[in-house]
Amino acid sequence: MADTGEDRARRALADAGIEHEIVRHGPTSSLAEAAALRGIEPAGIVKTLVVRRGDDDYLFVLVPGDRTISWPKLRALLGVSRLSMPDAGTARDVTGYERGTITPFGSLHAWPVVADSRVPGRPVSIGGGGHGVGVNVAGDDLVRVLSAQVADVTERA
């Protein structure tokens, strides 16, 4: 049987040694629906976005579900003048995950992580490596085990 993204994420979460709950649900049509199925408030759903800094230089940005990346804030934090989001194929190639399933846990590369300042201090749910798979975890634990840099890098969606 082939190793799935969900398998990689589950192993990486176990190796990280943090308390977590894997929640499986079918397709959802909204942030509110996904949050309800995961038993968390919508702002607690955390998207893992892949951002390109340069050739073969990426990072993960953890963004609350009700917010979007503020490109000026993120560029200032990283001290760069240009950032971009890779296309779906490139994101898959550099993480091993399809869009909509991406998580730092079990990624093909341990890219640096930036977590928006709204991630710590609350329960959150991130992608679990498969469609309809979430991982509920304490935001503080998430930031700690990923050695994430925490900063205000988002704006209201």
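Seven strands make up an open sheet with mixed pairing, in the order β1-β7-β6-β2-β3-β5-β8. The model is predicted. Neighbouring strands in this sheet are turned by 30° against each other on average, direction ignored. The largest nonpolar core has 26 residues, and a second, separate core has eleven.

- Strands of a sheet pair through backbone hydrogen bonds, in either the parallel or the antiparallel sense.
- β6 and β7 are an antiparallel pair, joined over five bridges. Gly127 has Gly134 in β7 as its bridge partner.
- β3 and β5 run parallel and pair over three bridges. Here Phe60 stands opposite Val113 of β5.
- β5 also pairs with β8, in the parallel sense and over three bridges. In this pair Ala115 faces Val150 of β8.

**Strand β5**

- In a regular strand the side chains alternate between the two faces of the sheet.

**Helix α1**

- α1 packs on the sheet and touches β1 and β7. The direction of α1 makes about 165° with that of β1.
- α1 has twelve residues, which at 1.5 Å a residue should span 16 Å. The end C-alpha atoms of α1 are 16 Å apart, so the span agrees.
- The buried residues of α1 are Gly5, Glu6, Asp7, Arg8, Ala9, Ala12 and Leu13. These buried residues pack against β1, α4 and β7.
- An α-helix has 3.6 residues a turn, so residues three or four places apart point the same way.
- Just after α1 comes Gly17, with a positive phi of about 70°.

**Nonpolar cores**

- Val119 touches Val46, Leu62, Pro64, Val124, Gly139, Leu142 and Val143. That list leaves out residues up to four places away in sequence.

**Loop residues with positive phi**

- Asp56 has a positive phi of about 50°, although it is not a glycine. Asp56 sits in the loop between β2 and β3.
- Is Asp56 buried or exposed? Asp56 counts as exposed because its relative accessibility is 57%, and the cut-off for exposed is over 50%.
- Ser147 is another residue other than glycine with a positive phi, near 50°. Ser147 lies in the loop between α5 and β8.
- Ser147 has a relative accessible area of 64%, so this residue is exposed too.

Conventions. Residues are numbered from 1 along each chain as its sequence is written. This is a predicted model: local features need pLDDT of at least 70, side-chain atom pairs count only at pLDDT 80 or more; totals for chains, interfaces and linings use all residues. Side-chain values use heavy atoms; hydrogens and water are left out. A nonpolar core is a set of buried Ala, Val, Leu, Ile, Met, Phe, Trp, Tyr and Cys residues joined through side-chain atoms within 4.5 Å. Buried means under 20% relative accessible area, exposed over 50%, partly exposed in between (1.4 Å probe, protein chains only). Contact means heavy atoms within 4.5 Å. Two strands pair if DSSP finds at least two bridges between them. Helices (H or I, at least four residues) and strands (E, at least two) are DSSP runs, numbered from the N terminus. Axes are lines fitted to C-alpha atoms, for helices over the stretch in contact, and angles run from 0 to 180 degrees between N-to-C directions. The expected span of a helix is 1.5 Å times one less than its number of residues.
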